[in-house]
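Thanks, everyone. Please have a look at the model on the screen before I start.

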Amino acid sequence: ETGEEGDKYRRSGLDKDTSLFFLEELTGYMQENKPYLEGDLVLPQLAQRLDISANYLSQIINEQLNVNFYDFINGYRIEEAKRLIRDSVQAKTNILSIALDSGFNSKSAFYTAFKKATSMTPTEYRKSL
């Protein structure tokens, strides 16, 4: 592997099999425990819960999923938000409530992440349903 990412982890003790094992652990934990719903979730906290180093967790997310920690977490939050929007189409739950219930701390952060992920605003997404 060449380039910046390859060099970044060259000295890491994390091999591919271990990395894939932890990726599976991570994915299972995310689906089961939904830590992304916590607005203040940070990488060291999640790493501690999975009992691995923050550096390894960051490396696994970067190398195996090609995203950074925040995009990884926001991906889950966006899926949750989309589910809540679909569930609330009739109820017209306000977008800020959906953002907060999905783990976002602000409407602006939510809008930015949602639009980046879906190419639509949450309101446009709701109207498209």
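Where do Lys82 and Glu79 lie, and how many residues apart? Both are in helix α5, 3 residues apart, about one turn of the helix. Helices here are DSSP runs of H or I, at least four residues, and strands are E runs of at least two, numbered from the N terminus.

First, the ground rules. This is a predicted model, so local features need pLDDT of at least 70 and side-chain atom pairs count only at pLDDT 80 or more, while totals for chains, interfaces and linings use all residues. Residues are numbered from 1 along each chain as its sequence is written, and side-chain values use heavy atoms, with hydrogens and water left out.

Confidence next. pLDDT is the predictor's confidence in each residue, from 0 to 100. The chain mean is 91, and 93% of the residues reach 70 or more.

A salt bridge here is a side-chain nitrogen of Lys or Arg within 4 Å of a carboxyl oxygen of Asp or Glu. The count comes to 5 salt bridges. Lys82 and Glu79 form one of them, at 3.3 Å from N to O. Now burial: buried means under 20% relative accessible area, exposed over 50%, partly exposed in between, with a 1.4 Å probe and protein chains only. Lys82 is buried, at 17%. Glu79 is partly exposed, at 44%.

Glu80 bridges to Arg83, with the closest N and O atoms 2.8 Å apart. Those two also both lie in α5, 3 residues apart. Glu80 is buried at 10%. Arg83 is partly exposed at 34%. Shared partners join Glu80, Arg83 and Asp87 into one salt-bridge network.

Another bridge pairs Arg49 with Glu38, again with the closest N and O atoms 2.8 Å apart. Arg49 is in helix α3 and Glu38 in the loop between α2 and α3, so the pair ties together parts 11 residues apart in sequence.

On to the nonpolar cores. By that I mean sets of buried Ala, Val, Leu, Ile, Met, Phe, Trp, Tyr and Cys residues joined through side-chain atoms within 4.5 Å. The largest has 20 residues, and Leu26, Met30, Leu46, Leu57 and Ile73 have the most contacts inside it. Helices α2 (16-33), α3 (43-50), α4 (54-65) and α5 (69-87) each give two or more residues to this core. The largest share, 5 residues, comes from α2.

What does Met30 touch, leaving aside neighbours within four places in sequence? Pro35, Tyr36, Leu46, Phe72, Ile73 and Tyr76. Contact means heavy atoms within 4.5 Å.

Now α7. Its buried residues are Phe110, Ala113, Phe114 and Thr118. They cover an arc of only 110 degrees around the axis, which puts them on the same side of α7. The arc is that of the directions from the helix axis to the C-beta atoms. On the other side, Ser108, Thr112 and Lys116 are exposed. The buried residues pack against α5, α6 (95-101) and α8.

Ser119, in the loop between α7 (107-118) and α8 (122-128), has a positive phi of about 65 degrees although it is not a glycine. Ser119 is exposed at 61%. Asp51, in the loop between α3 and α4, has a phi near 60 degrees. Asp51 is exposed too, at 68%.
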